[in-house]
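Some words used for protein structures rest on cut-offs.

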Amino acid sequence: MAWNIRELENMINRAIVLAKDNILKPEYFPNEIFHTNEKQFTVLMPTLNEVEKNYIIEILKNHPNPKEASQILGISLTTLWRKRKEYKI
């Protein structure tokens, strides 16, 4: 089953109301939320490569000097060059 944003928001709001100790527990959510196809969540969760690519892009926006960017990223200039080539940045 797929949910739209409004339905997910309602589920979370309902769980918040039910949470007496400020902890959201599985029993506060509908059972069908836990019995769903994992492929539905791939859109919501970026891959590690996507996170890395976006992080490198953000660092390069703020620090266009490759040497400075590589130092901030904690990688060598060669690794930065390879990552830029791999991600087509």
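The questions and answers that follow set values against definitions.

This is a predicted model, in which local features need pLDDT of at least 70 and side-chain atom pairs count only at pLDDT 80 or more, while totals for chains, interfaces and linings use all residues. Residues are numbered from 1 along each chain as its sequence is written, and side-chain values use heavy atoms, with hydrogens and water left out.

Q: What makes up the secondary structure of the chain?
A: The secondary structure comes to 4 helices and 0 strands. Helices (H or I, at least four residues) and strands (E, at least two) are DSSP runs, numbered from the N terminus. Along the sequence the pattern reads α-α-α-α.

Q: Why is Ser 70 called buried?
A: Buried means under 20% relative accessible area, exposed over 50%, and partly exposed in between (1.4 Å probe, protein chains only). Ser 70 has 4% relative accessibility, so Ser 70 counts as buried. Its place is in helix H3. Across the chain, buried residues make up 19% of the 89 residues.

Q: What does Ser 70 contact, leaving aside its neighbours within four places in sequence?
A: Contact means heavy atoms within 4.5 Å. With those neighbours left aside, Ser 70 is in contact with Ile 75, Ser 76, Leu 77 and Leu 80.

Q: How do you know that Lys 83 and Glu 52 form a salt bridge?
A: A salt bridge is a side-chain nitrogen of Lys or Arg within 4 Å of a carboxyl oxygen of Asp or Glu. The closest N and O atoms of Lys 83 and Glu 52 are 3.1 Å apart, and the pair forms a salt bridge. Lys 83 lies in helix H4 and Glu 52 in helix H2, so the pair ties together parts that are 31 residues apart in sequence. Side chains of opposite charge can pair when their charged atoms come close.

Q: Is Lys 83 buried or exposed?
A: Lys 83 has a relative accessible area of 14%, so Lys 83 is buried. Glu 52, at 26% relative accessibility, counts as partly exposed. Not counting residues up to four places away in sequence, Lys 83 touches Glu 52 and Ile 56.

Q: What makes the pair of Lys 25 and Asp 21 a salt bridge?
A: The closest N and O atoms of Lys 25 and Asp 21 are 3.4 Å apart, and the cut-off is the 4 Å given above. The side chains of Asp 21 and Lys 25 are also joined by a polar contact of 3.4 Å. A polar contact is a pair of N or O atoms within 3.5 Å; within protein, one must be able to donate a hydrogen and the other to accept it, and residues adjacent in sequence count only if both atoms are side-chain atoms.

Q: Why is Asp 21 called partly exposed?
A: Asp 21 has a relative accessible area of 37%, so Asp 21 is partly exposed. Asp 21 is found in the loop between helix H1 (5–18) and helix H2 (48–62). Lys 25, with a relative accessible area of 28%, is partly exposed.

Q: How many salt bridges does a search of the whole structure find?
A: The search finds 3 salt bridges. One of them joins the side chains of Glu 58 and Lys 61 (3.3 Å, N to O). These residues are 3 apart in helix H2, so they are separated by about one helical turn. At 39% relative accessibility Glu 58 counts as partly exposed, and at 58% Lys 61 counts as exposed.

Q: Which residues form the largest nonpolar core?
A: A nonpolar core is a set of buried Ala, Val, Leu, Ile, Met, Phe, Trp, Tyr and Cys residues joined through side-chain atoms within 4.5 Å. The largest has 7 residues: Ile 56, Ile 59, Leu 60, Ala 69, Leu 73, Leu 80 and Tyr 87. H2, helix H3 (66–73) and helix H4 (77–87) each supply at least two residues of this core. The largest share, 3 residues, comes from H2. Apart from this core lies another, of 6 residues, among them Met 11, Ala 19, Tyr 28 and Phe 29.
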